[in-house]
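User: I would like to learn how to read strand pairing and nonpolar cores in a model. Could you take me through them step by step?

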Amino acid sequence: MKHEHVITTKGLTRSYGPETGIFDIDLAVPRGRVLGLVGPNGAGKTTLLSILAGMRAPGEGTVSAPEGRVLLCPDVPDFEPWLTAAEVVALSAHMVGEKAGDAEIARALDRVGLAEAADRRNGRFSRGMRQRLGLAAALVCRPEVLILDEPASGLDPQGRVDVLDLITSLRGECTIIVASHLLGDVQRICDDVAVLVRGRLVYQGPVADIADRGRPNAWYLRTHGPVDRLVGLLTAEPWVTRASRVEEDCVHLEAVDADSGELGIPRLLAEHGMPLVSMTGFQEDLESAFLSLTNRTDR
């Protein structure tokens, strides 16, 4: 399915040296979806986000984005400590020219689970509460694109769950870009992912597609049947590229692709009456696919 793009860049470059900055970025952010921006430390994520938010000018290239409707929420929002939560939200709306009455401010705080803290000074808020207050301050401004820089970094497990659930609830309400080094979080909440390595965009597309790159085409099989016979049966299959015995009850095999192995292994065992005890594969998640991309690029 094709999606309308709310932000596009062409040849976007901001160089701070031969290996520092971002280079020739062609990015397309689908409207109404959640895009994860991932990459190793120093890959250029912060530079790219600040340019998309209009806080930094590109050196070369172009950015097409809705003017005045892109908001960046930093990893740890910092507000004047004497302001109450309600005052922070009201000030945020005022700064972008939005008219937010008491009811709208209350709705924004309730949305992020801070309704009962509306009249408390934020200086005593926990990190997680400040994260949620930053989201409330952004939401009251009615952004078309909301950029979140490491929104769950440094939070305890429950705080991470709360923030991730909140981001998920915003899907479709606005376009969201999430920069994170927590790849499990990206896989959980994002529709699409963009991977930066050394300032260059090496992948962009649906999370499901990149995760599919991490599906295994190599497995360890454990069975109660005669292992040497199983090796012989596997070796005769056209979809098997390699099969060998590694332990008394364990076979290592490699297939031409993930589908061939996932379909062929159970079929072969069933045909020959050999019970499957376990089947362990490799590269089964976004992290493995990400590492595969970054390692290949670093060579």
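This is a predicted model: local features need pLDDT of at least 70, side-chain atom pairs count only at pLDDT 80 or more; totals for chains, interfaces and linings use all residues.

Analyst: Two strands are said to pair if DSSP finds at least two bridges between them, and helices (H or I, at least four residues) and strands (E, at least two) are DSSP runs numbered from the N terminus. Residues are numbered from 1 along each chain as its sequence is written, and side-chain values use heavy atoms, with hydrogens and water left out.

User: Which other strands pair with strand 1, and in what sense?

Analyst: Strand 1 (residues 5–17) pairs in the antiparallel sense with strand 3 (residues 28–30) over three bridges, where His5 stands opposite Pro30. Strand 2 (residues 20–25) also runs antiparallel to strand 1, joined to it by four bridges, with Gly21 as the bridge partner of Ser15; a hairpin of two residues links strand 1 to strand 2.

User: What is the strand order in the open sheet of six strands?

Analyst: The order is 6-7-8-4-9-10, and the pairing is mixed. Strand 6 (70–73) and strand 10 (200–206) are the edge strands, each pairing on one side only. From one strand to the next the twist averages 15°, where axes are lines fitted to C-alpha atoms and angles run from 0 to 180 degrees between N-to-C directions. Within this order, strand 4 (residues 34–38) and strand 9 (residues 192–197) pair in the parallel sense over four bridges, and Val38 has Val195 as its bridge partner in strand 9.

User: How many residues make up the largest nonpolar core, and which have the most contacts inside it?

Analyst: A nonpolar core is a set of buried Ala, Val, Leu, Ile, Met, Phe, Trp, Tyr and Cys residues joined through side-chain atoms within 4.5 Å, buried meaning under 20% relative accessible area with a 1.4 Å probe and protein chains only. Here the largest has 49 residues, and those with the most contacts inside it are Val89, Leu109, Leu133, Leu146, Leu148, Ile176 and Val193. Helix 4 (residues 127–139) contributes the largest share of this core, seven residues.

User: What is Leu148 in contact with, leaving aside its neighbours within four places in sequence?

Analyst: Contact means heavy atoms within 4.5 Å, and on that basis Leu148 touches Cys73, Leu135, Ile167, Ile176, Ile177, Val178 and Ala179. A second, separate core of 22 residues includes Leu48, Leu49, Ile51 and Leu52.

Terms used: Buried means under 20% relative accessible area, exposed over 50%, partly exposed in between (1.4 Å probe, protein chains only).
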